[in-house]
Amino acid sequence: MALKAALMVVVLGVALADTSDPYSVQPVHSSVYKQPGMPHNFAYNVRDDYSRTNFGHSENSDGNTVRGSYNVDLPDGRKQTVNYEADHNKGFTADVQYSGEAHHPRNYKPPVTYNSQPSYQHTPSHTTPYYPK
């Protein structure tokens, strides 16, 4: 019995001594390895007249500052263009511009609705069997 009590005291002592939470968020220090910026440059455009899709994106970086622009044709007829710049000092800044004028369809039609139909009820036309002669 004394052995069980001593073992419980040891287990309890170990549990109370370890107060660190393995799932807690660790503070970020400046000593953390930081990978240097990587210069890059890319661009793409997508245009599909059948689906009326038109958008594009271009971006370049010198390793410290990222500059780019993307655009998309909106369903209302306007074009949205976003020019942005991002770095570790100023963060992300964007300039959003719209060109063109929004327009909507002028021929508004009422929504298509369907009236419910009663379920089919078979009513025989003859009460007695009919046998052609």
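This is a predicted model: local features need pLDDT of at least 70, side-chain atom pairs count only at pLDDT 80 or more; totals for chains, interfaces and linings use all residues.

Me: What makes E1 and E2 count as paired strands?

Reply: Pairing requires at least two bridges between the strands; E1 and E2 have nine, so they count as paired. The two strands form a hairpin with four residues between them, and Arg52 in that turn has a positive phi of about 60 degrees.

Me: How do you know that E2 also pairs with E3?

Reply: The reasoning uses the cut-off of at least two bridges, and E2 and strand E3 (residues 66–73) pair over seven bridges in the antiparallel sense. Along this pairing, Phe55 stands opposite Val72 in E3, while Gly56 stands opposite Asn71 in E3. Here too there is a hairpin with four residues between the strands, in which Gly63 takes a positive phi near 105 degrees.

Me: Why are E1 and E5 said to stand at the edges of the sheet?

Reply: The five strands form an open sheet in the order E1-E2-E3-E4-E5, with antiparallel pairing. E1 and strand E5 (91–99) each have a single partner strand, so one side of each is left without a neighbour in the sheet. From one strand to the next, the twist averages 10 degrees.

Me: Why is the aromatic pair of Tyr70 and Tyr84 called tilted?

Reply: The whole structure holds two aromatic pairs, and in the pair of Tyr70 and Tyr84 the rings are 6.2 Å apart, centre to centre, with 50 degrees between their planes. Because Tyr70 lies in strand E3 and Tyr84 in strand E4 (residues 79–87), the pair ties together parts that are 14 residues apart in sequence. Ring pairs also link Tyr70, Tyr84 and Phe92 into a cluster.

Me: What makes Val66 partly exposed, and which residues does Val66 contact?

Reply: Val66 lies in strand E3, and its relative accessibility of 21% is not under the 20% that buried requires, nor over 50%, so Val66 counts as partly exposed. Leaving aside neighbours within four places in sequence, the contacts of Val66 include His40, Asn60, Tyr84 and Glu85. The C-alpha atoms of Val66 and Glu85 are separated by 5.6 Å, although the two residues are 19 residues apart along the chain.

Me: How do you know that the charged end of Arg78 sits over the ring of Tyr98?

Reply: One condition is that CZ of Arg is within 6 Å of the ring centre, and the charged end of Arg78 is 4.7 Å from the centre of the Tyr98 ring. The other condition is a position within 35 degrees of the ring normal, and Arg78 is listed as sitting over the ring of Tyr98.

Definitions and conventions: Residues are numbered from 1 along each chain as its sequence is written. Side-chain values use heavy atoms; hydrogens and water are left out. Rings of Phe, Tyr and Trp (its six-membered ring) pair if their centres lie within 6.5 Å; planes under 30 degrees apart count as stacked, over 60 as edge-to-face and the rest as tilted. Buried means under 20% relative accessible area, exposed over 50%, partly exposed in between (1.4 Å probe, protein chains only). Contact means heavy atoms within 4.5 Å. Axes are lines fitted to C-alpha atoms, for helices over the stretch in contact, and angles run from 0 to 180 degrees between N-to-C directions.
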